[in-house]
Amino acid sequence: MNISEIAKMAGVSSSAVSRYLNHGYVSEEKKAAIQKVIEETGYRPSAQAQMLRTKKTKLIGVIMPKINSASLGSVVAGIHSVLEENGYKMLLADTRNNPQKELEYLSVFDEKQVDGVLLIATVLTAEHRKMFKKMRVPVVLIGQHMPGMRCVYHDDYHASLELTRLILSKGRRNIGFVSATHQDTAAGLDRYRGFCDAVKEAGLEHLAEKYVVSDFNIQAGYEAAAELFYRYQDLDALICATDTIASGAMKYMKERNIKIPEDIMTAGFGDSELSKVVSPTLTTMHFSYMESGTLAAQMMVNCLSGEQEAVKGIVMDYYLVENESSR
């Protein structure tokens, strides 16, 4: 079967069948006729032929730092919904939080001629900047801001500023902070900066020193809390860079009979499912992870379709979710 035969059987023109297969405009009547013939014949268009004809693979590379993350899973779900709706397939790469692997996958996707790359970014280095300049296909960053790049990211600084102000408003004056690596500008440095500026405006600049750095998992949060409480026995609140880190810290406190929130108010970032099932439930900042995925994917689709882009950077909103751990 070929397009001409499909067109003849459906009673439409070959150009109408071509537009249908390439997700262009076709009237509902013609669309139904073409679809009926395709279903009856089992016709499947040749991907290779389409690529030769259109110079497009209809493939988008998606690079993520770890696959076993609920928040990142939401981002990917948002990406998938938009790509599928627009006739694109997704190739997913898991870097396991290794920036060098990101560079390798960027190179592989560029060589294998995907139409574009969506990078859920963490640590962006000078090597990343060099790679972005060399790439022949468009790239959209998700979760980090880099001037001159298409990106969708959260306002981590102001979210942290607001969360710290909430804890201060409860009368807590000895707050500790468990940070992510500061090489991660968004989740690490910006959230720590928001904490520092909030305690500074409250006249508690010395609290900026009461922090440790943790990896993004429960065990790391547990160990970071142990280190922080060893250094500072007078803490009355703890803010953690993610809900996952906070849940590990809460586990440590429970084992030592430290009452939450009576002894230590606790908060995190992400509004994950974990924040709702830990006890007490965790005060957190909500980030729209799925929406960030949909917006980034739509930005890519618009770029590939030649539509004029009004903006290159989209800053996502956030809101506070106060639960039992700070009441």
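**Note on the predicted model**

1. In this predicted model, helix 1 and helix 3 cross each other in a right-handed manner. The residues that make this contact are Ile 6, Met 9 and Ala 10 on helix 1, together with Ala 33, Ile 34, Val 37 and Thr 41 on helix 3. The angle between helix 1 (residues 3-10) and helix 3 (residues 28-41) is about 115°, and their axes are 9 Å apart.

2. Now the protein as a whole. It contains 13 helices and twelve strands. Along the principal axes, its C-alpha atoms fill a box of roughly 80 × 40 × 35 Å. Of the 327 residues, 50% are buried. Among contacts with a separation of 6 or more, 69% are between residues 24 or more positions apart.

3. Gly 87 sits in the loop between helix 5 (70-85) and strand 2 (89-94). Is this glycine buried or exposed? Gly 87 counts as buried because its relative accessible area is 18%, and the cut-off for buried is under 20%. Apart from neighbours within four places in sequence, Gly 87 is in contact with His 23 and Lys 58. The C-alpha atom of Gly 87 is 9.0 Å from that of Leu 59, although 28 residues separate the two along the chain.

4. Most residues other than glycine have a negative phi. Lys 58, which is not a glycine, has a positive phi of about 60°. Lys 58 belongs to the loop between helix 4 (47-54) and strand 1 (59-64), and is partly exposed at 26% relative accessibility. Asn 97 is not a glycine either, and has a positive phi of about 60°. Asn 97 is in the loop between strand 2 and helix 6 (99-111); its relative accessible area is 39%, so Asn 97 counts as partly exposed.

5. The last point concerns peptide bonds, most of which are trans. Pro 280 is in the loop between helix 12 (273-277) and strand 10 (283-287).

Notes
Residues numbered from 1 in each chain as written. Predicted model: local features only at pLDDT ≥ 70, side-chain atom pairs only at ≥ 80, totals over all residues. Heavy atoms only, no water. Helix = DSSP H or I, 4+ residues; strand = E, 2+ residues; numbered from the N terminus. Buried < 20%, exposed > 50% of the residue type's maximum accessible area, 1.4 Å probe, protein only. Contact = heavy atoms within 4.5 Å. Axes fitted to C-alpha atoms, helices over the stretch in contact; angles between N-to-C directions. Left-handed = near helix turned anticlockwise from the far one by under 90°.
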